[in-house]
Amino acid sequence: MRCPFCAHDDTQVKDSRPTEDNTAIRRRRQCSSCGARFTTFERIQLREVTVVKSDDAREPFERSKLEQSVTLACRKRGIDREKIDQLVSGVQRQVETSGEAEISSLAIGEMVMEGLRVLDSVAYIRFASVYRSFNEAKDFEEFAGTVRDVAGGDPDNV
């Protein structure tokens with residue numbers, strides 16, 4: 001593993017342990033050249049999946065992109081990093097076990113929306129605003145109304 005600080009090719013694993021949800025191995029490494037320490041994660045990848053975008057462009061599925069968008073939606077919401085990782089891992093597992101070589105970005109977006117709906121109503125609305133391309137405040141109001149309806153009038157009980 002290459003050191004992210006000095007780009008030296010020789011690093012040593014100092015500690016390995018499974019993550020809390022047992023979906024990855026967390027490894028603490030130390031560079032033999034500069035002595036810097038860093039963490040890596042090893043995750044299972046079941047298959048290569050291609051994401052079909054709305055403009056018919058195709059690109060490989062990347063967990064990091066999914067993680068970034070979910071993290072952005074959950075920003076400043078006080079949601080444990082572990083819960084975000086569980087949501088991302090769950091979506092990734094659904095994508096990889098679907099049996100399809102290609103999956104639409106819309107299908108992935110729906111999986112994320114379902115996970116966020118249960119996790120946090122504000123993060124759910126934030127993600128939906130980008131995913132569904134809200135253009136006006138009215139769009140937020142209408143969508144938030146559906147969240148209240150689902151939650152029995154209380155958006156925090158989604």
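**Exercises on a predicted model**

T11 touches M1, R2, C3, R29, Q30, C31 and F38 when residues up to four places away in sequence are not counted; contact means heavy atoms within 4.5 Å. The structure is a predicted model, in which local features need pLDDT of at least 70 and side-chain atom pairs count only at pLDDT 80 or more, while totals for chains, interfaces and linings use all residues. Residues are numbered from 1 along each chain as its sequence is written, and side-chain values use heavy atoms, with hydrogens and water left out.

**Exercise 1.** Determine the element that holds T11 and decide whether T11 is buried or exposed.

*Solution.* 
- Step 1: T11 belongs to strand β1, residues 11-18. Strands (E, at least two residues) and helices (H or I, at least four) are DSSP runs numbered from the N terminus.
- Step 2: T11 counts as buried because its relative accessibility is 12%. The cut-offs are under 20% relative accessible area for buried, over 50% for exposed, and in between for partly exposed (1.4 Å probe, protein chains only).

**Exercise 2.** Carry out the corresponding analysis for S104.

*Solution.* 
- Step 1: Strand β6, residues 102-104, contains S104.
- Step 2: With a relative accessible area of 29%, S104 is partly exposed.
- Step 3: Leaving aside neighbours within four places in sequence, S104 is in contact with V51 and V52.
- Step 4: From S104 to P60 there are 44 residues in sequence and 11 Å in space, C-alpha to C-alpha.

**Exercise 3.** Describe how helices α2 and α3 pack against each other.

*Solution.* 
- Step 1: The axes of α2 (residues 81-96) and α3 (residues 105-119) come within 10 Å and cross at roughly 145 degrees. Axes are lines fitted to C-alpha atoms, for helices over the stretch in contact, with angles from 0 to 180 degrees between N-to-C directions.
- Step 2: From α2, the residues K83, L87, V91, Q94 and V95 meet I108, M111, V112, G115, L116 and L119 of α3.
- Step 3: These contact residues comprise 8 nonpolar, 2 polar and 1 charged. Nonpolar covers Ala, Val, Leu, Ile, Met, Phe, Trp, Tyr, Cys and Pro; charged covers Asp, Glu, Lys and Arg; the others, Gly among them, are polar.

**Exercise 4.** Examine the phi angles of A7 and K76.

*Solution.* 
- Step 1: Most residues other than glycine have a negative phi.
- Step 2: A7, in the segment before β1, has a positive phi near 70 degrees and is partly exposed at 46% relative accessibility.
- Step 3: K76, in the loop between α1 (63-74) and α2, has a positive phi near 60 degrees and is exposed at 74%.
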